[in-house]
There are 4 protein chains.
Amino acid sequence: MKPEIAKLGHVTLVTKDLEKSLFFFKEIIGLEETEEIDGVHYLRAYSDFQHHTLSVEAGNSGYIKRIGWRTKTRECLQGFKQLLGDHHVTVEEYPQGTTAGIGESIRFKMPSGHTFELYYDVDKPKATNGYASVLKNQVYKSWRKGISPRRFDHVNIHTTTDADKSYDFLMDVLGFNMREYMKGDNGILAGWLSVTSLVHDVALLKKDTLPTPARLHHISYWLDDSQDILRAADILKENGLTFIGPGKHGASQAIYLYVMDPGSGCRVELFSGGYLIFEPDWEPIEWTLEERAACNTYWGDTVQDKELNNSTIEVR
Amino acid sequence: MKPEIAKLGHVTLVTKDLEKSLFFFKEIIGLEETEEIDGVHYLRAYSDFQHHTLSVEAGNSGYIKRIGWRTKTRECLQGFKQLLGDHHVTVEEYPQGTTAGIGESIRFKMPSGHTFELYYDVDKPKATNGYASVLKNQVYKSWRKGISPRRFDHVNIHTTTDADKSYDFLMDVLGFNMREYMKGDNGILAGWLSVTSLVHDVALLKKDTLPTPARLHHISYWLDDSQDILRAADILKENGLTFIGPGKHGASQAIYLYVMDPGSGCRVELFSGGYLIFEPDWEPIEWTLEERAACNTYWGDTVQDKELNNSTIEVR
Amino acid sequence: MKPEIAKLGHVTLVTKDLEKSLFFFKEIIGLEETEEIDGVHYLRAYSDFQHHTLSVEAGNSGYIKRIGWRTKTRECLQGFKQLLGDHHVTVEEYPQGTTAGIGESIRFKMPSGHTFELYYDVDKPKATNGYASVLKNQVYKSWRKGISPRRFDHVNIHTTTDADKSYDFLMDVLGFNMREYMKGDNGILAGWLSVTSLVHDVALLKKDTLPTPARLHHISYWLDDSQDILRAADILKENGLTFIGPGKHGASQAIYLYVMDPGSGCRVELFSGGYLIFEPDWEPIEWTLEERAACNTYWGDTVQDKELNNSTIEVR
Amino acid sequence: MKPEIAKLGHVTLVTKDLEKSLFFFKEIIGLEETEEIDGVHYLRAYSDFQHHTLSVEAGNSGYIKRIGWRTKTRECLQGFKQLLGDHHVTVEEYPQGTTAGIGESIRFKMPSGHTFELYYDVDKPKATNGYASVLKNQVYKSWRKGISPRRFDHVNIHTTTDADKSYDFLMDVLGFNMREYMKGDNGILAGWLSVTSLVHDVALLKKDTLPTPARLHHISYWLDDSQDILRAADILKENGLTFIGPGKHGASQAIYLYVMDPGSGCRVELFSGGYLIFEPDWEPIEWTLEERAACNTYWGDTVQDKELNNSTIEVR
């Protein structure tokens, strides 16, 4: 039986200005800090159920160590170890205790060059400091500070490698479904793929040139209402931050706003709206180069901006 | 390998006043009519991908014929036929062509008394009459008429039978996950269960007395933003309809508004917000009788209202 | 030339639990503190331009000292002194410096028993502590804390006196326009009156019995969007406060939510939507007793609740 | 006593494609048609109280005949006739019956070259065809069709004449208050002025070159909630119309979206949010050339676009 991934788990961020990054993620974006251990700050949104969805620690430059995914069962983790070996992928194993809040895991390089980590076991700590929601089905209080997104949504990554290999790998080995894609003259330029009912848990874009082969364009946190994105714009302006958006994507139909962590250079997409896919035989939506503008920006402040497209951070 | 259900498919409604029901569902709620065949009107929301999520036809009284579910694969349909037989459930088989837009199907009675239908194949017709959205990933134009919900969301059904048998059946045979439940002095009084990432595709409530053992409390359509529920309230008032809400449930955290089709007596819940469950090891949220008010109505116009709870329509 | 009032200015609140009241108004409602002088805390919303719209100070019980109004010119203040004298109203004069942020003023008792204060001069201090908005036309940063209403909107007061005298006084002497009213069997039961384009700067309700003749039912702060009222409901729940709403009034068409300061018993209405009146020959909207429910609550959680109607605080 | 203007009344539009313009204003924007007389279509928003706020009729090109304003009293109309004469302004008098729904009026050319019309008497017809709102304080049903703005808001006009003369005229003769302005190297480049509590009933911009000296940049209709502007964007896209926005102005703080009537070339601004001015001693907000970008677009899709700024229609 094929092993399966349940969901996007977390991203491990290194920043060259820890203070700035913590102010950005905790006070402006409004993430909560589960705990801090040995200088690593474990953060999550108010309704992220697992221990953390973002960790932030100091380093010499801004980059992502790895992108973590939770498997459907503990057996799936073993299944992936086997399956990746069968595909001649080098797999490193890490015992429980390596990363706070995460059990036994495996790590490997995607064909795209990005390090992925898989695990099943997670801690689900309750909120502390009186910050627990009065709702039994929510971790922290709503609207406690900053923009206050509900949950971690997706990652958007770029590669200069032969992206078709990675689209195939994501689908054939890791079990992702292609939901929408943009077709260029020589294959797919951008693919939105998911293991969940979201249009994408990961978007992978093919680029001709990048500072390093494997980059992260943004991580994304989700808000319940489109007006929350307008409120986010107000909050970012009051904090002196520039951003792109608000606008609405054609692909995914989501309302977006992009802002960069001034500490690490890691971009965050604030995200709302969109649609869910429950059809088991979904046929991927194809966007042509002629439809590129509408695919990126159905309406609003455009994401075609050069600065937006050129600034990414390394994923090791 | 266990067969699996992918999603809620459709509900088959009979009404004693077809004209009123069609005005309600098409002009006020704003559903689109895919087609009408032999007096049966096949309706869906602007972004429902399958042929219909609600059919409406004339009859002597208002009731539901059956509740349809789409399986994950064609093999799952055969798997369920086998599995239901193993559980001594009488299964009726229907060939393609029995219901417009739906392929080969099986029907059976739930322990709760409700008729469920399973099928894999569906037609996914495009919008006609110039009503197609300019968006490639959406069927009809947004906001074309009435309240304009995005998609079919869930059903809420009541039973006077031993509900525990049905909770077990839903989980053990049909593969549903219990997401939240209200515990009474003698077992579960209400369970919210899903096969998707939604908190519930079906809610089942245990009642001491009902006009017939198997009833439907409401069908639910989903809107993107909580403000859309306030707009819905304005539209309903302008059409002279009474309703309960807006309010926010504790269970599911969704914003709600309940209004009844004056033709059939079938209640519709307009629904937004809420949360998604991607955790593979979700532990069901338990609400006690003491927490019942908050579970039903976290804030807003209360759903504890007698009229609301007593009016249901039969599911045959 | 008749003297004119420009706008509602401020309300002077005394509380028996200053700490609770300050937490409520500053952290939950999200008002800003301009300054504190001799135990009086001067508060305002993020876009209230004058020194304060609410002052809070400790006392033996919760009550309102007076309700302040700003005149159109300095000459209008003198004009009102004269005009009130002509109407045999006792006027007390207070020099600049009596109340922080407010210049020379006069005070008098309304026929309804409420103390009104009139003044023209106000201080308009800028925000301090780095809290100034980046917008040149706004005082404090948006969304800095709590519910974060934009501005002071209106007061709602009750009286057991012959209310008709007060409606006449408000219109004939103070220059208010009747915008909407509810007609009982013996005259007006509730009147919504304004000097501005708002439907009401003050609502006055006639009551048969009250603990003292002149009471305040609520003060109201305004938010830009109806969704902000839903967000306010979430915030109040997370803070353990009960409230009535959200709902939509028939009169004024505004979206509302009522919550009580646990320190003073002063109720706050959070308010959005509604309409503006620019017509110079507006004919007051008459609501009959039969229309009372719709006038109070067009939809949503009803304001007919006994607790809501019975709890008021004294205006001296 | 100085005569006063109460509010912006209406705009008289001529279009070279009447069918297109009527479809645009009635079906897409969602204005209601009070009546049609001799080929002139009298339109208004669902809560515009006077007979019409926009009239549309066929002609050889798209232009505005005049911009109408309602005075505070009938005496004010006579007062303005006198006052304008005192300022050597040529005044044309028109008897009741000249324009449907409007009484006796006077017309004159602004120094800027735009024709203004003043009148006091207006008809306030009720809604017909079953379209009347169930609300006593509203004319038509909410959300009946299209984008469905609440009311007429303001006009934005351009001139190549010495604009300072017009700013002075608006303030000194017509009684407008300057609320915000952009200062260039040689005087004011843009002024936002009002007689109401709105930040502007009219904006006047100075331009070096225009096809004719007096132009209209846009008329504006107001919506209650910022999310309504996002919904408007969806509706415009589904109708194949391009637009600029959504974004938020610095000046006025309003959320905007600009779309052009394809029949006449008359631009419509859909408008929400913003702030009200009740202070009688408001000091105009000054924006410098350095602040121009923020004044135009605080965030979102920019209004600095060349196409947007260059396309205007004549006001005769």
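**View 1. Polar contacts between chain A and chain B.** Chain A and chain B share 25 residue pairs in polar contact, both residues at pLDDT 80 or more. A polar contact is a pair of N or O atoms within 3.5 Å; within protein, one must be able to donate a hydrogen and the other to accept it, and residues adjacent in sequence count only if both atoms are side-chain atoms. The model is predicted: local features need pLDDT of at least 70, side-chain atom pairs count only at pLDDT 80 or more, and totals for chains, interfaces and linings use all residues. Residues are numbered from 1 along each chain as its sequence is written, chains are lettered from A and ligands numbered from 1 in the order in which they are written, and side-chain values use heavy atoms, with hydrogens and water left out.

View 2. Chain A brings 41 residues to the contact and chain B brings 41 residues (contact: heavy atoms within 4.5 Å). About 3,600 Å² is buried between them, with 53% from carbon and sulfur atoms. Buried area is the accessible area (1.4 Å probe) that two parts lose on being put together, summed over both. On the chain A side, Lys136(A), Asn137(A) and Phe278(A) lose the most area to chain B, together 19% of what that side buries. The interface holds 10 salt bridges (a side-chain nitrogen of Lys or Arg within 4 Å of a carboxyl oxygen of Asp or Glu). One of them joins Arg70(B) to Glu279(A), with the closest N and O atoms 2.6 Å apart.

**View 3. The interface of chain D and chain B.** Here 16 residues of chain D meet 16 residues of chain B. The buried area is about 1,300 Å², and carbon and sulfur atoms give 45% of it. Zero salt bridges cross between chain D and chain B. Polar contacts there come to 12 residue pairs, both residues at pLDDT 80 or more.

**View 4. Aromatic rings in chain A.** Phe108(A) and Phe116(A) have ring centres 6.2 Å apart and planes at 65 degrees, so they pair edge-to-face. Rings of Phe, Tyr and Trp (its six-membered ring) pair if their centres lie within 6.5 Å; planes under 30 degrees apart count as stacked, over 60 as edge-to-face and the rest as tilted. Phe108(A) is buried at 2% relative accessibility, and Phe116(A) is buried at 0%. Buried means under 20% relative accessible area, exposed over 50%, partly exposed in between (1.4 Å probe, protein chains only). Tyr256(A) and Tyr258(A) make a tilted pair, 5.5 Å centre to centre with 40 degrees between the planes. Both tyrosines, Tyr256(A) and Tyr258(A), are buried. Trp69(A), Phe108(A), Phe116(A), Phe169(A) and Phe176(A) form one aromatic cluster.

**View 5. Arginine over tyrosine in chains B and C.** In chain B, the charged end of Arg316(B) sits over the ring of Tyr63(B), 3.5 Å from its centre. In chain C, Arg316(C) lies over the face of Tyr63(C), at 3.5 Å from the ring centre. A charge sits over a ring if NZ of Lys or CZ of Arg is within 6 Å of the ring centre and within 35 degrees of the ring normal.
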